[in-house]
Amino acid sequence: MEFAALALPWKITMAVQSAPREQGLPGIDEPANSASDARDAAEAHRLAEARAADSALADGCRHGYITAYEHLYQKHGAKLKSLAVNLLGNRHDAEDAVQETFLKIHRSVANFKGESSFSTWVYRILVNSCHDMRRKKLRRQESPGEELEPAAAHEPQAPKANPGLRLTIERSLTRLSLQQRDVFLLFEVEGFRHSEIAGILAISEAASKNALFQAKKNLRLMLTEPYSAPPTGPRTCP
Amino acid sequence: MIVECQNRNRILRDAEPLELAALETHASTCVACARELTAWSAISAAAREMQKSWESPALWPRIEKALAQQMNESRHFARRWRLRFFAGPWQMAIAVAFLAVLTTSVAWLVLHRGETPIQQDSRLLTDSALHEVERTEAAYMKAIGKLAGQARPRLENPASPLVASYREKLVVIDAAITELRANIEQNHSNTHLRLELAAMYREKKETLEAVVREE
């Protein structure tokens with residue numbers, strides 16, 4: 001089945017990622033490529049403020065102030081939960097991962113050297129926590145009597161424009177490599193920039209761009225398969 | 001910017017805004033590229049719908065409680081670590097070694113309390129030895145005094161030049177004895193001075209005996 005045939009009923013607009021991304025981590029955004037000097041200055045000022053706030057948050061956490069952790073939760077909690085649920089497949093595990101992330105932040109914040117932004121470091125901890133939890137679940141799955149839920153499956157969602165395609169993508173994500181899935185979720189779902197993803201996953205920007213391309217190319221191939229086709233393990237990109 | 005179909009994958013991978021815009025322009029006249037871009041965009045659009053949001057009012061209180069517990073445990077751990085640092089095996093070893101040194105020192109002091117520390121400086125006399133020497137010396141002087149009493153008539157009226165020389169010798173010996181005794185007054189425990197004094201007394205005794213024997 002051709003993808004175009006599948007795509008037509010979903011009324012897709014030609015909106016390739018050509019504009020600067022609206023979302024992103026405060027403190028590590030790249031300066032907007034604007035023609036106006038005033039806009040550049042305002043952007044630079046905003047970035048400086050965001051970096052200062054990020055640094056203050058890190059200091060607060062380093063000193064063990066609960067209010068700093070609460071502020072961190074208010075600022076990033078929703079995004080952390082969203083990323084975690086897409087990585088782990090259910091809200092319960094996602095909330096556990098977010099909690100574990102906060103505990104790990106407290107345990108390791110003394111070692112945070114500020115080489116990346118504090119926010120990037122927090123998301124890196126979350127991604128690693130999700131990977132650890134997933135590995136533990138896989139090990140438990142090997143023991144009889146327990147079954148692993150597929151990631152990002154059975155999560156109730158508000159009605160959206162393309163629920164069929166979304167579900168297909170969610171199902172297909174499990175067949176991507178770990179790095180491709182992480183980059184896809186961070187870039188396409190959560191709206192991080194490649195520079196931010198590079199910091200979170202400890203890879204280069206070029207590697208992030210390449211992983212995203214490979215992920216979308218693989219998904220593109222998977223989406224041309226009939227819906228009934230069962231997953232057959234990771235595929236290699238042609 | 002002119003874009004061809006074979007550039008499509010590279011442009012999609014590099015995601016440079018200008019090149020993507022050029023690819024979109026190219027896709028308006030290329031069915032294959034339009035199909036690919038449509039699929040690409042569809043994936044991106046569907047992915048944005050995967051962002052999930054839900055209320056979890058119990059999550060922050062749970063995290064806060066866990067954090068507080070962990071902070072408490074960290075503090076307790078630090079305190080326990082400090083206690084262990086001061087009561088660890090090597091600190092115990094140091095304490096045992098210190099006690100051993102202390103015990104040995106006290107035992108040595110107790111055991112050696114009665115000993116005379118002569119070996120520390122053989123030239124110095126202890127009080128008890130000094131008393132004994134002075135007592136012997138006094139007895140020796142008394143005996144020499146008796147001998148001098150017997151020899152005095154001969155010395156006062158020397159019958160021969162030899163006795164006269166003995167008298168001169170005794171004057172020198174007495175002067176030496178007086179000087180040594182003066183020095184000993186300054187340093188009672190000086191063994192060397194005591195030995196010299198004893199030698200002078202012996203010389204005086206032998207000289208007096210020689211005077212008494214002289215016919």
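# Exercises on a two-chain predicted model

A:D96 and B:R62 form a salt bridge whose closest N and O atoms are 2.8 Å apart. A salt bridge here is a side-chain nitrogen of Lys or Arg within 4 Å of a carboxyl oxygen of Asp or Glu. The model is a predicted one: local features need pLDDT of at least 70, side-chain atom pairs count only at pLDDT 80 or more, and totals for chains, interfaces and linings use all residues. Residues are numbered from 1 along each chain as its sequence is written, chains are lettered from A and ligands numbered from 1 in the order in which they are written, and side-chain values use heavy atoms, with hydrogens and water left out.

## Exercise 1: salt bridges

**Solution.** 

Step 1. Begin with the pair you already know. A:D96 sits in helix α4 (residues 91-108) of chain A and B:R62 in helix α4 of chain B, so the pair joins two chains. Helices (H or I, at least four residues) and strands (E, at least two) are DSSP runs, numbered from the N terminus.

Step 2. Check how open the partners are. A:D96 is partly exposed at 25% relative accessibility, and B:R62 is partly exposed at 30%. Buried means under 20% relative accessible area, exposed over 50%, and partly exposed in between (1.4 Å probe, protein chains only).

Step 3. Now try chain B. B:E137 counts as buried at 12% relative accessibility, whereas B:R181 is partly exposed at 33%.

Step 4. Finish with the total: the structure holds 17 salt bridges over all chains.

## Exercise 2: the interface

**Task.** How many residues of chain B are in contact with chain A, and which helix of chain B gives the most residues to that side?

**Solution.** 

Step 1. Count the contacts (heavy atoms within 4.5 Å). Chain B brings 41 residues, which touch 56 residues of chain A.

Step 2. Look at the area. About 4800 Å² is buried between the two chains, and carbon and sulfur atoms give 63% of that. Buried area is the accessible area (1.4 Å probe) that two parts lose on being put together, summed over both. In chain B, the residues that lose the most area to chain A are B:E49, B:K52 and B:W54, together 17% of what that side buries.

Step 3. Find the helix. The elements of chain B that give two or more residues to the side touching chain A are α1 (8-14), α2 (17-27), α3 (31-48) and α4 (59-86). The answer is α3(B), which gives the most, with 14 residues.

## Exercise 3: a helix in chain A

**Task.** Is helix α7 of chain A largely enclosed or open, and what do its buried residues pack against?

**Solution.** 

Step 1. The 12 residues of α7(A) (residues 178-189) should span 16 Å, and the end C-alpha atoms are 15 Å apart, which agrees. The expected span is 1.5 Å times one less than the number of residues.

Step 2. Check burial. 10 of the 12 residues of α7(A) are buried, so this helix is largely enclosed by the rest of the structure. Among them are A:R181, A:D182, A:F184 and A:F187.

Step 3. List the neighbours. The buried residues of α7(A) pack against α3 (66-88), α5 (118-142), α6 (163-173), α8 (194-201) and α9 (205-223) of chain A together with α3 of chain B.

Step 4. Look past the end. Just after α7(A), A:G191 takes a positive phi of about 80°.
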